[in-house]
Amino acid sequence: MTGPILPGAVVGVLGGGQLGRMFTLAARRMGYRVDVFAPEDSTPAGQIAFREIRAPYDDLEAVERFARGVEVVTFEFENVPSATVETAARHAPVRPAGSLLHTTQNRLREKGALGVHGVPVAAYAEVNGVEDVASAAAEVGFPAVLKTASWGYDGKGQRRVADEAELRAAVGELDGETAVLEAFVPFVAELSVVGARGLAGDVALYEPVLNRHVNHILDVTLCPAPVPRPVRDAAQELARRVLERFEVVGVLCVEMFLLEDDSLLVNELAPRPHNSGHITIDAHPVCQFEQQVRAVCGLPLGSPRRHAPAAAMVNLLGDLWERGTPNWAAALRDPLAHLHLYAKSGPRPGRKMGHLAVTADTLEDAEARALAARRALLTTPEEAAWTGR
Ligand code: AMP
């Protein structure tokens, strides 16, 4: 095995979004150069990269030129075509491997692989058309959630169905696209664990965090998740199992449902840093992005231990711009609030524009402050007279 890829080297990132931006910040801080490959110009990551290569993912000649110029390729956007990853892999190691990406790009492949490795998932069935409706309904029951097998994230391509008639109608609208029918899980909470695995097989796991979604999009993350120790340990064990069995080199997030009886079901995997892991930038000595740099460059992993007693993260969606530019100064009147903005030009509703993170002595205080800071964004300068803290 060759040695680690050391600072000064060029690291390549497929995808130019906020995950690539925060990866690039971590890599540049450590002295790496970063080349970003993305189909758009002036992307959040490209703005701070050493070089931004603008080309479609299926321009394989451009992918080849990009991969020749870097020592390792990683990605921040997981719906990169397989041919892109295969082309890149001929010229530089791709970490995590394209085979993992291939598995996680399709919900059926992902659930199948999780099952093989003994990781519990909700009951599910494959649906290729209306002819599968009766058998899938019998296998899974109702209520259920119909999800397209590919290209789904943040609730896109998914629909809750209450009975067979609704399922039939929803399947009819799929246009022949393969889907998965999943039992609706009556979860008491959603948790996620971000972990990293290095080239030598070493694993570093962050504690589980608790996630609340609005319209299927992550809204609030609380760190650590306020769950009993056995749940925390079980969640970390599931993440360790996934990292080891899938032989991940890089960072991966396991999203889970916590049930009433304290058992856990895995909802999905993200083979990259995750929105719920952004809290590690402010609450941990080594964040998920530095961990990704270390893992893909073959360096030792950093400590995943939290240094703040508690922390909360709230997402900032484009909706906050509806009445004009948010009142940044008002949010930052809380001296414990950290503002992270991704420098995206078009604040559309539902688009992730940034996040606020607060570290505090208690989870309640961290959450209250993060929510208050976000509410303050919507105040006019006159309304924002701060009472002091
Ligand atoms: P996904 O795109 O699979 O990550 O789903 C987005 C969100 O939809 C999840 O975080 C849950 O809040 C909800 N969801 C997805 N699948 C289910 C399910 N089988 N049962 C209950 N809620 C679900």
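Contact, as used here, means heavy atoms within 4.5 Å. Helices (H or I, at least four residues) and strands (E, at least two) are DSSP runs, numbered from the N terminus. This is a predicted model: local features need pLDDT of at least 70, side-chain atom pairs count only at pLDDT 80 or more, and totals for chains, interfaces and linings use all residues. Residues are numbered from 1 along each chain as its sequence is written, and side-chain values use heavy atoms, with hydrogens and water left out.

1. **Helix α10.** Buried means under 20% relative accessible area, exposed over 50%, partly exposed in between (1.4 Å probe, protein chains only). Nine of the nine residues of α10 are buried, so the helix is largely enclosed by the rest of the structure. After α10 comes G298, with a positive phi near 75°.

2. **Q292.** Which residues does Q292 touch, leaving aside its neighbours within four places in sequence? They are F23, T74, F75, V251 and P273. Q292 sits in α10, which spans residues 288–296. Its relative accessibility is 3%, so Q292 counts as buried.

3. **Domains.** The assignment gives domain 1 (10–94), domain 2 (123–183) and domain 3 (189–387). These bounds come from an automatic or database domain assignment. Between domain 1 and domain 2, the C-alpha centres are 35 Å apart.

4. **The four-stranded sheet.** In what order do the strands of this open sheet run? The order is β5-β8-β6-β7, with antiparallel pairing. Two strands pair if DSSP finds at least two bridges between them. β5 (124–127) and β7 (158–161) are the edge strands, each pairing on one side only. Neighbouring strands are turned by 25° against each other on average, direction ignored. Axes are lines fitted to C-alpha atoms, for helices over the stretch in contact, and angles run from 0 to 180 degrees between N-to-C directions. Strand β6 (residues 144–148) is joined to β7 by four bridges, and the two run antiparallel. A144 has V161 as its bridge partner in β7.

5. **Helices on the sheet.** Helix α6 (residues 133–140) lies across β5, β6 and β8 (179–183). Its direction is at about 170° to β5. Helix α7 (residues 164–172) lies across β5, β6, β7 and β8, at about 160° to β7.

6. **Aromatic pairs.** How many aromatic pairs does the structure hold? There are five. Rings of Phe, Tyr and Trp (its six-membered ring) pair if their centres lie within 6.5 Å; planes under 30 degrees apart count as stacked, over 60 as edge-to-face and the rest as tilted. F37 and F66 make a tilted pair, 5.3 Å centre to centre with 55° between the planes. F37 is in strand β2 (residues 33–38) and F66 in helix α2 (residues 60–68), so the pair ties together parts that are 29 residues apart in sequence. Both F37 and F66 are buried.

7. **Y57 and F77.** The ring centres of Y57 and F77 are 5.6 Å apart and the planes are at 10°, so this pair is stacked. Y57 lies in the loop between β3 (51–54) and α2, and F77 in the loop between β4 (72–75) and α3 (82–89), so the pair ties together parts that are 20 residues apart in sequence. Y57 counts as buried at 12% relative accessibility, whereas F77 counts as partly exposed at 32%. Ring pairs link F37, Y57, F66 and F77 into a cluster.

8. **Charges over rings.** A charge sits over a ring if NZ of Lys or CZ of Arg is within 6 Å of the ring centre and within 35 degrees of the ring normal. The charged end of R33 sits over the ring of F50, 3.9 Å from the centre. The charged end of R160 sits over the ring of F184, 3.8 Å from the centre.

9. **Backbone points to check.** Most residues other than glycine have a negative phi, and most peptide bonds are trans. The bond joining R95 and P96 is cis, with omega about -5°. From C223 to P224 the peptide bond is also cis, with omega near 0°. D175, in the loop between α7 and β8, has a positive phi near 60°. D175 counts as exposed at 74% relative accessibility.
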